[in-house]
Amino acid sequence: MLSQTKFQLFKFTSLHFLSKPLHLSTSSHITKKSCIFLLKNCKSMQHLKQIQTQILRTGFHQSGDTLNKFMVCCTDPSIGNLHYAERIFNYIDIPGLFIYNLVIKAFTKNGSFRKAVLLFRQLREEGLSPDNFTYPFVFKAIGCLGEVREGEKVYGFVVKSGLEFDTYVCNSLMDMYAEVGRVQNLRQVFEEMPQRDVVSWNVLISGYVKCRRYEDAVDVFRRMQQQSSLRPNEATVVSTLSACIALKMLELGKEIHRYVREQLGFTIKIGNALVDMYCKCGHLSIARQIFNDMPIKTVICWTSMVSGYVNCGQLDEARELFERSPVRDVVLWTAMINGYVQFNRFDDAVALFREMQIKRVSPDRFTLVALLTGCAQLGTLEQGKWIHGYIDENKIMIDAVVGTALIEMYAKCGFIEKSLEIFNGLKEKDTASWTSIICGLAMNGKTSKALELFAEMEQTGVKPDDITFIGVLSACSHGGLVEEGWKHFRSMTAVYQIEPKLEHYGCLIDLLGRAGQLDEAEELIEKSPNVNNEVIVPLYGALLSACRTHGNVEMGERVAKRLVGIESGDSSVHTLLANIYASADRWEDVTKVRRKMKDLGVKKVPGCSSVEVNGIVHEFLVGDASHPEMREIYSMLDSIAKPLLGLDENEMEGETPVPVLL
């Protein structure tokens, strides 16, 4: 009901929002029943305001039924306006529970989660008892805010009101626990439910997927099939297919596909999920067949199909499909750009980004991160600076994700001071940001600063990951800090419960090898867990390199014997072994190694270098003379090389330019 004072405000609001109040008919012909009929058939905000005028003129605003129906229209996003609904709500003297529920639901669906929670508190202060229509949207708002304690308080109210076993309330409580990562609570609520509907099973499966507990999600799906009379529906299928993708469980994916085809039937969402599953499991032909058979194709399935071709390296097929897509959102553009970056076609990536700008599609942070990653891989500083300038000009916020990409790009291009500047300017620094700057400093030989920042990272409470320790151990290796390196290596398991991987052992062996502690390095390899050919070859390869550096032929031979029986396709190991034999003048053994390489089909990977000139990257491979300006390059090389070799000008004249230095 509206008080007399608030009635005037309500009337003012109506007149304020209507520049020209329009009347559907004279007040004498309007009844309460006809008002409700008009509200039920309302199609727009303008129409709603016309009806509001009639309600005010006839006094039906005093009717609870009419007011309730009016607020239903106000909070309906397809008709009303939430800001308008909020103002009307504030004019209502004593809102009933029905209206409170409407506005809480509207706030939650609109993303105004804090307002929804505050309104719930107000409802209780007014002495109203929340029901099973109130709690679900309150739990949803709390879950999105991530406020676990608030959720536990509200659950206490649920228990007091006797709704703790209401299926609708329990489902929403489970969803809140999934949102905040409380897996144990999620499972407990499910197990204690006396009655479960299909939504209950779906919330548990999707909750496990959300919390990256994919095996548990699959187990629940199997349990639903075996123990429940309920049939999996669209939501069940889509969530379980997400778990199949993460676990690469193609057989279960095919089983679900058969169930959809034979019993459930296809929908747009299921079609999108199946295309995505087959693409990410590497079965493009089946994905393409489903894609081709889909009567309605959304941008989601176009993106999945393009990404599928990209991940398999079929960039031309991906681009052909990209061009055919009737709608291209930023995700689809980014997928194609990222594909070009991933397979070192950076010029195509930049060209597509420029086309994206022409089409007036605003890039998101993932688009820019993909481009910056390409700059980092190729060392194209000028292109990286241009993208950084684009970020600044368009006032794109440099958050932890974009900041990390910029740090990595500048570090890999040798501009480490700029990396530090960006890192220091980040308002929020996550593990990736700290790791990026530590690895960048290590890469650029700034050992002390890298270790100083790692200590600062630990002090701030940010937990390092396995990649962080690669940077830390690399810094120790560059600085020759053996004791420091051992300390950090041991802290991985003792302090952070991180199991060292191949890369960590490689860094420590490199550190010991540089310091000439070859016996300790060999002992470390022998003590390393789960040693197999995949691990032992590169580890002994690092030790072989150290043997060559320090001229330790005896150990080199011993290591070589360990590698004799290993069929390795790593050319560097065979080359190092041959070089050690050569340093000992054992040319017969050199010949044997090279013969073995030939028998195994091992080819030495040709050296590669690149240079950026005027924003264009020129790449050169050993033995490759395909560059269009190769003759001019060889001529310049001659001009530089011959004076260094002591050749005079006369010897240079009239000669065909040839590559003197290789």
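Okay, ground rules before we start. Because it's a predicted model, local features need pLDDT of at least 70 and side-chain atom pairs count only at pLDDT 80 or more, while totals for chains, interfaces and linings use all residues. Residues are numbered from 1 along each chain as its sequence is written, and side-chain values use heavy atoms, with hydrogens and water left out.

So, the big picture. The chain has 37 helices and two strands; those are DSSP runs, H or I with at least four residues for helices, E with at least two for strands, numbered from the N terminus. Of the 662 residues, 45% count as buried. Buried here means under 20% relative accessible area, exposed is over 50%, and partly exposed is in between, with a 1.4 Å probe and protein chains only. The chain exposes about 34,100 Å², and carbon and sulfur atoms supply 51% of that. Areas are Shrake-Rupley with a 1.4 Å probe, and for residues only the protein chains shown count as cover. On contacts, meaning heavy atoms within 4.5 Å: take those with a separation of 6 or more, and 60% of them come from residues 24 or more positions apart.

Now, salt bridges. The rule is a side-chain nitrogen of Lys or Arg within 4 Å of a carboxyl oxygen of Asp or Glu. That gives us 26 of them.

Start with Arg121 and Glu150, whose closest N and O atoms are 3.1 Å apart. This pair links distant parts of the chain, helix H7 (residues 113–125) for Arg121 and helix H9 (residues 148–160) for Glu150, 29 residues apart. Glu150 is buried, at 12% relative accessible area, whereas Arg121 is partly exposed at 36%.

Next up, Glu152 and Arg182, with closest N and O atoms 3.4 Å apart. Glu152 sits in helix H9 and Arg182 in the loop between H10 (167–179) and H11 (183–192), so this bridge ties together parts 30 residues apart in sequence. Glu152 is partly exposed at 38%, and Arg182 is partly exposed at 30%.

And then Glu255 with Arg222, at 2.7 Å between the closest N and O atoms. Here the link runs from helix H15 (residues 250–264) to helix H13 (residues 214–227), 33 residues apart. Glu255 comes in at 25% and is partly exposed; Arg222 is partly exposed too, at 28%. There's also a salt-bridge network, made up of Lys140, Asp175, Glu179 and Lys210.

Let's look at one helix up close. H23 (residues 381–393) has 13 residues and spans 18 Å from first C-alpha to last, close to the 18 Å expected at 1.5 Å a residue; that expectation is 1.5 Å times one less than the number of residues. Its buried residues include Leu381, Gly384, Ile387, His388 and Ile391. As a reminder, an α-helix has 3.6 residues a turn, so residues three or four places apart point the same way. Just after H23, Lys395 takes a positive phi of about 55°.

Finally, the surface. Which residues form a nonpolar patch there? Met636, Ile640 and Leu644, with about 350 Å² of accessible area together. Patch members have over 30% relative accessible area and no salt bridge; nonpolar side chains (Val, Leu, Ile, Met, Phe, Trp, Tyr) are joined within 5 Å, like charges within 9 Å. Ile640 belongs to helix H36 (residues 630–644) and is partly exposed at 49%.
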